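Here is a short briefing for a reader who is new to this structure. Please look over the sequence and the model before reading on.

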Amino acid sequence: MNTQPSARLGNVLLAVAGGIAAYKIPELVRLLRRAGHSVRCVLTEAAGEFVSPLVLQTLSGAPVRSSLFDAGEEGEISHIELADWADLVVVAPATADRMAKLAQGLADDLVSTVLLATRAPVLLAPAMNVNMWSHPATRANAELLRERGVHFEGPEAGELACGWEGEGRMSEPVTLAGRVTLLLGGETWKGVRVLVSAGGTREPIDAVRSITNRSSGKMGFAVAEEAARRGAEVVLVAGPCPLPTPPGVRRIDIETALEMAAAVEQEFEASQVVVMAAAVADFRPAEASALKIKKEDLAPGAGLQIELVATPDILKGICGHKGDRVVVGFAAESHDVVEAARRKLARKGCDLLVANDISRTDAGFDTDTNAVMFVSPGGEVEELPLLPKIEVAGRILDRVEKLRKGTR
Ligand SMILES: Cc1cc2nc3c(=O)[nH]c(=O)nc-3n(C[C@H](O)[C@H](O)[C@H](O)COP(=O)(O)O)c2cc1C
């Protein structure tokens, strides 16, 4: 894998809103330009109170726009041309007000109109007082925007300009510039082969019955999709699930744990990154009847004994000969999540364990969102907020990148 981000250079439309963190935006413009991107800035009326348009114009090397109805500005490049020009729109700082406007679909000034008109992905870098960020209205707006596919970076916790302490700091320009590179990317994982397992397995009892579990496959499919979007060659070993194959992904459909073990072992050798998100059965019926077991063949009222035998431990098996591959495992836990995850990581020997709390109704099995913890071999735990699974996938791959660079 390339260790340096080598994303496609792109047109970044930077929408600056009226928050105190706007003073950091000239630095962001500088970093984006240094990375080779073309940058144009649009300002809300309030943003002009916090950062000089002249500074942004000088650093971006392009005229700055802030008014929707200025005939001169509109004549030079119309708001629709701006929206079309962008490969990515970044709103930084994203004020509570801007998030509300975008969630509502308002288009009453230049920035809000461009945000509605653009077809480019949108990245928000929220920055505000901790109480504004935790207000139910802002929470609901953020959630709605995430559901619509808007990307978020931050806010981070720490000391706020308003004197309060807590979540609300805009992410640092260097973090934002890195995220832009990733979002514009697609080539950063070029040449890397990623093996992903997803979904549950189905262990036959007889011709019609089976033992399975509640895994929907959504998390593993999101990892495969995100890895492919980053330019990786992706092989997805999938248990039975109706999800469409993500673009550019080679899919191998399997049913049982034994089939999954065989497919993973076969694809493992040529892969550099392995993400085992599947919920593989730990036990399977020792023998599956080729015919349907009929009730009338049993004594009246008698139960049916099914002998279960252990299935191979796929994750442990591959970790035993993983070489310099990065292997990520998943754990679905209903209680004592962190401790159980630490024990599992130690047993399996993987490089990162992603732990789900399946007792939550908004995370884990068959949801579009997930709240996970990253557990590292050193025992460190990073808890992520509730995020769409595609965002969780991005965070996992960001971690894998760091592991491959040896920085984490
Ligand atoms: C000194 C000062 C700092 C402010 N900082 C923030 C901020 O960090 N985040 C925020 O959401 N609003 C902040 N506000 C409030 C916004 O400026 C206000 O909501 C404004 O209407 C936002 O306009 P815009 O979203 O069109 O840029 C601040 C206001 C003042 C006076």
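Axes are lines fitted to C-alpha atoms, for helices over the stretch in contact, and angles run from 0 to 180 degrees between N-to-C directions. This is a predicted model, in which local features need pLDDT of at least 70 and side-chain atom pairs count only at pLDDT 80 or more, while totals for chains, interfaces and linings use all residues. Residues are numbered from 1 along each chain as its sequence is written.

- An open sheet of mixed pairing has eight strands in the order β12-β11-β8-β13-β16-β17-β19-β20 (strands are DSSP E runs of at least two residues, helices H or I runs of at least four, numbered from the N terminus; two strands pair if DSSP finds at least two bridges between them).
- β12 (249-253) and β20 (381-383) are at the edges with a single partner strand each, so one side of each has no neighbour in the sheet.
- β16 (residues 326-333) and β17 (residues 352-357) pair in the parallel sense over six bridges, and A331 has A355 in β17 as its bridge partner.
- Helix α14 (residues 389-405) lies across β13 (273-276), β16, β17 and β19 (372-375), at about 140° to β16 (contact means C-beta atoms, placed from the backbone, within 7 Å).

**Domains**
- The chain is divided into domain 1 (11-184) and domain 2 (193-405), with bounds from an automatic or database domain assignment.
- The centres of the two domains, taken over C-alpha atoms, are 37 Å apart.

**Contacts of A227**
- Apart from neighbours within four places in sequence, A227 is in contact with W189, V194, V196, A232, V234 and L397.

Key
Two residues are in contact if their C-beta atoms, placed from the backbone, lie within 7 Å.
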